[in-house]
Amino acid sequence: MPRRKPEASTQRNSSPTNEAVRGRPEVIVEFLFERGMFHVSVHNIGDGPALGVRVSFNKKILGLDGTKEISALPLFQNLEYLGPKREIVTFIDASSSYFNRKQPTRILVRVSYRDSDNQKYECTISHNLEIYRDLPYLPKTDVKGPQNDG
């Protein structure tokens, strides 16, 4: 009996690149470490606008040497529109200050938002800031151009 050629699959790829997902927002929250400084980012990595973005943290995050509750900023509670591929970054603290004040290192972040069709999305992202504690880094130095002595 002759063998039949396998038929091509008609299933669509379920990855975020399929047509059903194009134009969809996808909001993530990341903690960024750069040269000993912590920042937090709210980033729409998707191709559509995110509406009514709300971010909640399972722990209070104090920054600026303990003088500002970063986790309570309006950025995380009142972000009505975040365009596609747009990111908002805010400073938290120097990592040395953050760790010396025994701030939380295991943080769960819950992000909720909707798209322009009113479809709701929600995700929880787990972060471990402890991984940055012992990283060596070079402090940023001022770069001066050539001096003109003439």
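Mentor: Let's settle one word before we start: buried means under 20% relative accessible area, exposed over 50%, and partly exposed anything in between, using a 1.4 Å probe and protein chains only. Bear in mind that this is a predicted model, where local features need pLDDT of at least 70, side-chain atom pairs count only at pLDDT 80 or more, and totals for chains, interfaces and linings use all residues. Residues are numbered from 1 along each chain as its sequence is written, and side-chain values use heavy atoms, with hydrogens and water left out.

Now to S41, a residue of strand β2. With a relative accessible area of 0%, S41 counts as buried. Its side chain makes a polar contact of 2.5 Å with that of E87. (A polar contact is a pair of N or O atoms within 3.5 Å; within protein, one must be able to donate a hydrogen and the other to accept it, and residues adjacent in sequence count only if both atoms are side-chain atoms.) Contact in general means heavy atoms within 4.5 Å. Neighbours within four places in sequence aside, S41 is in contact with I28, V29, E30 and L32, and also with E87, I88 and V89.

Strands here are DSSP runs of E with at least two residues, helices are H or I runs of at least four, and both are numbered from the N terminus. Two strands pair if DSSP finds at least two bridges between them; β2 and β7 have seven, in the antiparallel sense. H39, for instance, stands opposite F91 in β7.

Follow the chain on and you reach G46, in the loop between β2 (37–44) and β3 (50–57). G46 is buried too, at 6% relative accessibility. Not counting residues up to four places away in sequence, G46 touches R24, P25 and E26, as well as P84 and K85. Take P84: it is 38 residues from G46 in sequence, yet their C-alpha atoms are 5.7 Å apart in space.
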